[in-house]
Structures are given as C-alpha cells and as structure tokens.
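Me: I'm new to this one and I'd like to know what the labels rest on. Could you walk me through it?

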Protein chains: 2
Amino acid sequence: MITVRGAFQTKFGELWEQSLEDLIVEAGEGAIKDAGLPKNKIDLVIVANMLAEQNHLGALAVQLLGLDQVPALRVEAACASGGVAVSQAVTALKAGAAENVLVIGAEKMTDKSNGQIALALMGAASEVERQAGLTFVGLYGLMARAYFDRFKITKNDLAYVAIKNHRHASRNPKAQYPFPVEMETVLKSSCVASPLHLFDCAPITDGAAAVVVSNQFGEVELVSSQIATDSVSLTERESLTELKATKIAGKKAYAQAEVGPVDIDLAEVHDCFSIAEIMAVEDLGFCQKGEGAETIKNGDFDHNGRLPVNLSGGLKACGHPVGATGVKQIAEIVDQLRGRAGARQVKNIRIGLTHNVGGSGGTAVVNILRKL
Amino acid sequence: MITVRGAFQTKFGELWEQSLEDLIVEAGEGAIKDAGLPKNKIDLVIVANMLAEQNHLGALAVQLLGLDQVPALRVEAACASGGVAVSQAVTALKAGAAENVLVIGAEKMTDKSNGQIALALMGAASEVERQAGLTFVGLYGLMARAYFDRFKITKNDLAYVAIKNHRHASRNPKAQYPFPVEMETVLKSSCVASPLHLFDCAPITDGAAAVVVSNQFGEVELVSSQIATDSVSLTERESLTELKATKIAGKKAYAQAEVGPVDIDLAEVHDCFSIAEIMAVEDLGFCQKGEGAETIKNGDFDHNGRLPVNLSGGLKACGHPVGATGVKQIAEIVDQLRGRAGARQVKNIRIGLTHNVGGSGGTAVVNILRKL
C-alpha cells in the first residue's frame with residue numbers, strides 16, 4: 001500500500017523575503033514533521049521544479065535538509081513537474097527502491113522579469129509555436145476560441161471559473177489571492193489573449209509544497225498515479241477543445257483505482273486558465289462534453305456542491321508556482337481527507353483526485369487518493 | 001531481470017548542423033532500431049538534460065519520435081542527469097510501471113555563449129560557492145590542490161589522464177577529439193584554474209546517447225544501479241581528496257551486483273577533470289587511495305591494461321555533453337560487452353561499470369552491467 005504520510009504547503013504569493021532554498025527547506029521540513037518521521041527515515045528525495053537557473057536541486061535539497069546522502073533527483077515536465085514527481089515516488093516505492101520518499105515542489109518566479117517568465121513558459125511549447133510568435137496564454141486563447149465556436153459559450157461563462165476559485169481561496173490562508181471577485185471585475189480586467197482576460201489566467205507565484213509518500217500505513221492511500229503525454233504542438237492535435245493527455249491519464253487512473261468519476265468526492269484540477277478548468281472537468285468525466293461551463297455556473301463544483309473542485313482556490317486564486325502546483329494539489333486533498341482543511345473543509349469525503357497539466361496539454365498526471 | 005536491449009550514440013562534437021531536437025530524434029530512433037523493437041513497445045520515455053531552455057523534453061521526445069502518448073519525463077541531476085535517468089528506468093521496470101524504457105540523454109552546448117555555460121555549470125554548485133566567485137573548474141582546481149598537498153603528485157602526473165583518454169579516443173569515430181596528445185601539449189596548454197590546465201578539462205560538447213532498458217531477455221544485464229548524494233558545497237565536505245558520493249554509490253552497487261572492484265573488467269568513469277578520474281579510480285576501489293595517478297601512469301587502465309578505463313575517450317576526449325554523458329557511458333559498455341566496439345574492442349570481458357558525477361560530487365551514480 002502506498003500512503004501519503006505527511007503534507008505541507010508554504011504560503012503562496014510574492015515572497016520577496018524567501019529564496020528558492022528557503023522555500024525548499026520550509027516545505028521539506030514541514031512535510032517531514034507532519035509525517036512524524038525522523039529525518040533518517042527519508043530514503044529518497046525528488047524535487048519538482050521548472051524554471052530555476054540553479055540546477056542539481058535534488059542533491060541541494062538533501063544538503064539543505066540535513067538528510068543523509070540519500071539518492072535524490074529533480075524531475076521536470078513543465079507545469080506538470082509536481083504531479084510527475086509524485087508519480088515517480090510511487091514508482092520508487094513499488095520498486096522497493098525506497099520506503100519514505102520526500103517529494104518537494106518549489107518555484108521562485110517573482111525574481112524573474114516578465115520577459116524571462118514569458119520565454120521560460122514558452123520553453124514548454126514547441127519550436128513552431130515559438131517561431132509563430134505565440135505566447136503561452138495565446139495557446140490557451142486558441143483553445144478557448146475553438147471551444148467558443150464549438151460549444152457557443154461566452155466570456156461570461158468563463159468568468160464563473162475565476163469567481164468560484166476566488167470564493168474558495170477566500171477560505172484558504174495560504175492562497176495568494178484570498179478574496180472573492182465579482183463578475184464585473186473579471187470581465188473588465190485587461191484582455192491578455194482574446195478571449196482570455198487577466199482574471200482567466202493563473203498568476204506568477206512563489207511557493208513550495210511537499211509530501212512524504214510512504215510504503216507504511218497512513219491515513220490517506222495514494223491509490224493511483226498515471227501520466228500520459230500528447231503532442232506538445234497544438235497543430236498536431238486532433239481536437240483543440242479537449243486535452244487528450246488528460247483523458248488518457250484519467251482513464252488509466254480510474255481503472256487502477258477501480259473507481260469512476262461518480263465516485264470522486266472532491267478534486268483539484270489544473271486551471272492555469274479558465275478554459276483549462278472547463279476542459280478538465282469534462283475530460284475527467286465530471287460532466288458531459290460541452291457542459292463544463294454550465295455545470296460550474298450551476299454550482300456543482302462549489303464548496304457545497306456535489307463535487308467540490310479547487311477548494312484551495314486552484315491555480316487561479318491559490319497561485320501557480322509551476323513546479324510546486326502538482327505537489328500542492330496532493331497536499332490539499334490529503335488535508336481535506338484528514339479533516340485538516342480548516343474553513344474550507346468539506347464533510348463526508350472519501351476519495352479525492354488531482355489533475356496536473358504540463359504546457360498546453362503535452363503532459364497530464366492524474367492521482368487518486370482515498371481516506372483509510 | 002533488467003537488460004539493456006538497444007544502445008546508440010550520436011557523433012559528439014561541435015554539431016552546428018543539428019538542433020537539440022535533431023539529436024534527440026537521432027539517438028532515440030537509433031536505440032529503438034538497435035533494440036529491434038517496434039515503436040509501440042516503448043512504454044516510458046525518460047530524457048536527461050541539464051542546460052536546455054526548452055522545457056518539457058519528455059513529452060517533446062514522445063512527439064518527435066512518434067511514440068504513442070506514453071508517459072514521459074525529464075530528469076536532472078547536473079552532469080549526473082544521464083546516470084540518474086538510467087537508474088529511474090530500472091526503478092520503473094522493477095515497479096512494473098513499464099516493460100521497455102527509452103532513456104535519452106541529450107545536450108546542445110555550443111549554441112550557448114561561454115558566459116552562459118559558465119553560469120549554467122555553476123548552477124550545479126552552491127550559492128556560497130557562486131558568491132565566492134568560484135568557477136566550476138575552480139572547484140576541481142581546489143580539489144586538485146588539496147590532492148597535490150596530501151599525496152605529493154604534480155601536474156605531470158595529472159597529464160597521464162589526458163594522454164590515456166586521448167589515446168583511447170583515437171580509436172573512437174564518435175569522439176569529439178579522436179587523436180592522441182603528447183605530454184608537452186598537455187603541460188603547455190593554458191592554465192584554467194591552477195593546477196588544472198586546458199587539457200585537464202573536458203570540453204564543451206553537443207551530442208546525445210540513448211538506451212532501451214527492458215525487463216525482457218537481452219545480451220547485457222543491468223545488474224545494479226545506485227545513486228548517492230553528498231553536500232553540494234565543498235565547504236561542508238569532510239575531505240577534498242575523495243568524492244564520498246562515489247564511494248557510497250559504488251559500495252551499494254557492488255553489494256547489489258554481488259561483485260567487487262576486482263571483478264570489473266572495464267569501466268567508464270567521470271573524468272570531467274583529470275583529478276576527477278584519479279579520485280574516481282581510487283574511490284571505486286580500482287587501486288589504493290593516493291595511487292590513482294601512479295596506476296594510470298603505469299598503464300593499468302590502458303586499452304591493454306588490467307582494467308581498461310574510459311575506452312570511449314572519456315569525457316575528456318570523447319566529449320561531455322552534460323546530460324548525455326551518463327547514458328553514453330552505458331552505451332559504450334553495452335557495445336563493448338556485445339563485441340561491437342570496433343577498433344577499441346577489448347576481449348574476454350564480462351562485467352563493466354559506469355560512474356557518473358553531478359556537479360563537484362553532489363551526486364554520483366554507479367551502474368554495473370554483465371554480459372549474459
């Protein structure tokens with residue numbers, strides 16, 4: 001049995017006082033403490049990070065945390081780095097290569113200029129897309145435009161994603177933007193890449209999260225962890241209104257966990273842009289294709305809805321320190337399943353799902369967790 | 001049983017005509033073809049790369065190679081990225097997460113300016129070392145100076161590393177510098193970071209290598225694969241005349257393979273600087289501590305010696321495209337064990353070892369391979 005024994009998330013936001021090293025230490029020590037383990041029980045460290053100029057973060061984390069020369073590595077799969085890192089921890093446990101794996105996702109984004117961030121994010125896209133002058137939000141703008149054409153939704157419909165996730169974040173003290181927003185605020189915000197406005201976009205965030213994944217008994221079982229890929233270039237995709245990688249990873253994760261979408265009690269999905277959450281809830285089977293926006297608007301995915309989605313505030317309002325996001329999603333679900341989610345706690349929950357996407361859908365990771 | 005079914009190495013050198021994507025495709029297709037597998041049998045892709053601004057290389061490799069939406073990720077552990085990637089492939093096979101893992105190490109270094117490379121390589125070191133103004137070669141210069149003081153060797157003794165590895169490279173058509181060098185050439189080359197001269201240093205190289213690691217029967221078994229870490233900062237090390245990570249990874253790898261240093265028939269070790277090969281042959285138990293330079297000089301590690309080391313030419317003369325190096329070491333040993341090493345083939349060999357180091361010794365990976 002694979003369990004998540006400890007979980008920790010730093011504050012997400014513009015953390016001018018903390019370096020990447022500080023964030024790694026805070027999250028790593030937080031998760032080890034939460035797991036109730038002595039440091040010498042950690043026998044593998046996996047760091048998820050996308051953008052740092054500092055390489056060799058695995059060995060550096062071992063040194064900073066005072067662990068004992070254990071194997072360590074960094075994994076990267078663009079914004080899905082965190083989810084992939086958790087998946088690799090599961091693999092190591094199943095292989096018998098470790099007993100307690102510390103997974104740390106960390107990113108320090110605000111130290112970089114806007115130009116550096118724009119270039120780095122497009123580093124997850126393809127050469128042809130960069131040469132065409134596309135920005136990262138532009139890629140999702142193209143998907144939103146295709147979705148608008150096919151399913152006849154409008155910017156108003158998109159706005160409900162930000163409204164819901166900000167409302168959720170207002171209950172999360174770790175969130176970058178812990179306050180609600182009104183429809184007018186969303187619609188009147190600057191247009192970034194039509195039809196996406198500023199409030200359709202996840203922010204630039206500093207932050208870290210860590211979990212201890214273990215082969216020992218714990219309160220929360222990590223029942224399935226699946227990765228799928230798709231072409232990095234949008235031009236080579238069959239459809240622009242779904243992410244095939246999400247569908248494949250989801251299908252495999254449901255099969256491995258022997259559950260279906262109807263069994264999921266709560267989820268953290270990858271809402272890097274509002275259109276991404278709409279596609280995610282459809283691709284994961286939480287509603288029919290084309291009905292994502294309507295279902296979000298109806299409140300099905302609210303805190304008190306049938307399947308709360310992004311109770312943390314999601315990438316949009318909790319923040320999106322890219323390498324940390326997939327790990328933070330796990331930490332959020334673990335906190336909920338252990339009944340430690342404070343003001344945003346939902347009741348009577350047993351099974352949670354996380355969904356983490358790299359780039360414009362080139363990678364997707366789906367993890368399913370169960371309360372024991 | 002874990003085997004290496006296919007192996008391929010591109011030409012190493014200044015490859016102005018090939019992009020990183022080209023190198024990934026050439027190496028990946030080469031290894032798949034060598035394995036004799038249809039592409040749809042590859043069910044996991046791991047890419048090792050340290051320096052590319054292009055992120056998301058796992059998914060990109062899947063797209064470029066026309067593989068079928070299989071899981072993919074990039075791993076990074078500075079110059080040990082390749083060795084760590086092979087180790088992760090072994091873990092995935094043992095976990096039953098895959099049956100045939102394509103591991104590609106690729107690096108395109110010559111597109112970068114010298115300043116970019118210097119900064120990126122120091123990205124593998126610690127903050128305190130960067131703030132002190134140390135360069136990457138400076139770190140190894142300090143280790144060489146400490147070694148000189150303790151074991152009373154001279155620059156002449158160091159030079160035999162380059163002389164041996166260039167002599168070996170002269171038999172390797174894939175090598176960046178396939179020609180022998182004289183003592184005088186080495187000693188008269190520019191001093192880079194005293195006592196290390198230009199010919200004590202591995203070059204800047206473009207290149208890629210790939211292997212297919214499999215749970216099916218093959219000609220070469222990958223018997224053990226072990227990673228260890230040490231403090232990234234030299235200041236926190238107990239000794240500057242050995243790499244503790246090498247000693248730990250080696251000890252674990254020997255134990256796992258149930259062999260000792262005396263059983264190793266040939267090895268590829270991490271000679272990023274001449275002093276590194278001297279420490280490596282000692283730390284791996286190929287000779288006594290303090291006798292590395294003398295043993296190299298005596299010819300023990302020559303093509304016709306008792307334990308040929310770096311028959312490829314090593315990092316020094318075959319070249320060091322950082323993320324590719326650890327994978328190329330495996331490919332070289334596999335070629336030797338299969339009797340396909342051309343002019344540099346050695347006879348009557350059964351067990352080979354690879355040793356890959358990240359940074360100044362923050363990570364070390366040791367793999368042991370056996371002819372079946």
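Reply: Below, each label is set against its cut-off. This is a predicted model, in which local features need pLDDT of at least 70, side-chain atom pairs count only at pLDDT 80 or more, and totals for chains, interfaces and linings use all residues. Residues are numbered from 1 along each chain as its sequence is written, while chains are lettered from A and ligands numbered from 1 in the order in which they are written.

Me: What makes chain A and chain B related by a two-fold axis?

Reply: Chain B can be laid on chain A by a turn of 180° and a shift of 0.0 Å along the axis, with an RMSD of 0.0 Å. That is how a two-fold axis relates copies.

Me: How do you know that the copies meet through the same surface?

Reply: Residues count as in contact if their C-beta atoms, placed from the backbone, lie within 7 Å. Of the interface residues of chain B, 100% are also interface residues in chain A, so the copies meet through the same surface. The contact takes 47 residues from each of chain B and chain A. Elements giving two or more residues to the chain B side include helix 2 (57–65), strand 3 and helix 9 (244–257) of chain B. Helices here are DSSP runs of H or I with at least four residues, and strands are runs of E with at least two, numbered from the N terminus.

Me: What kinds of residues does chain B bring to that side?

Reply: They divide into 21 nonpolar, 17 polar and nine charged. Ala, Val, Leu, Ile, Met, Phe, Trp, Tyr, Cys and Pro count as nonpolar, Asp, Glu, Lys and Arg as charged, and the others, Gly among them, as polar.

Me: What makes strand 3 of chain A and strand 3 of chain B a pair?

Reply: Strands pair if DSSP finds at least two bridges between them. Strand 3 (residues 72–76) of chain A has three bridges to strand 3 of chain B, and they run antiparallel. V75(A) stands opposite V75(B) there.

Me: Why is helix 2 of chain B called largely enclosed?

Reply: A residue is buried if 20 or more other C-beta atoms lie within 10 Å of its own, exposed if 12 or fewer, and partly exposed in between, with C-beta atoms placed from the backbone. Eight of the nine residues of helix 2 of chain B are buried, so the rest of the structure largely encloses it. Among them are L57(B), L60(B) and L65(B). G66(B) follows helix 2 of chain B and has a positive phi, near 65°.

Me: Is A78(B) buried or exposed, and what about N348(A)?

Reply: A78(B) has 30 other C-beta atoms within 10 Å, so it is buried. N348(A) has 5 C-beta neighbours inside 10 Å, so it counts as exposed. Phi is positive at about 55° for A78(B), which is not a glycine, and near 55° for N348(A), also a residue other than glycine. A78(B) lies in the loop between strand 3 (72–76) and helix 3 (81–94) of chain B, and N348(A) in the loop between helix 13 (322–337) and strand 10 (351–358) of chain A.

Me: What makes strand 7 of chain B count as mostly covered?

Reply: Eight of the eight residues in strand 7 (residues 207–214) of chain B are buried. G207(B), A209(B), V211(B) and V213(B) point one way, and A208(B), A210(B), V212(B) and S214(B) the other. In a regular strand the side chains alternate between the two faces of the sheet. Strand 7 of chain B is joined to strand 1 (residues 3–9) of chain B by six bridges, antiparallel, and to strand 4 (residues 100–107) of chain B by eight, also antiparallel. A7(B) stands opposite V211(B), and I104(B) opposite A210(B).

Me: How do you know that the span of helix 6 of chain B is close to what is expected?

Reply: The expected span is 1.5 Å times one less than the number of residues. Helix 6 (residues 136–151) of chain B has 16 residues and reaches 23 Å from its first C-alpha to its last, close to the expected 22 Å. Just after helix 6 of chain B, K152(B) takes a positive phi of about 55°.

Technical notes. Least-squares fit on C-alpha atoms with pLDDT ≥ 70 in both. Contact = placed C-beta atoms within 7 Å.
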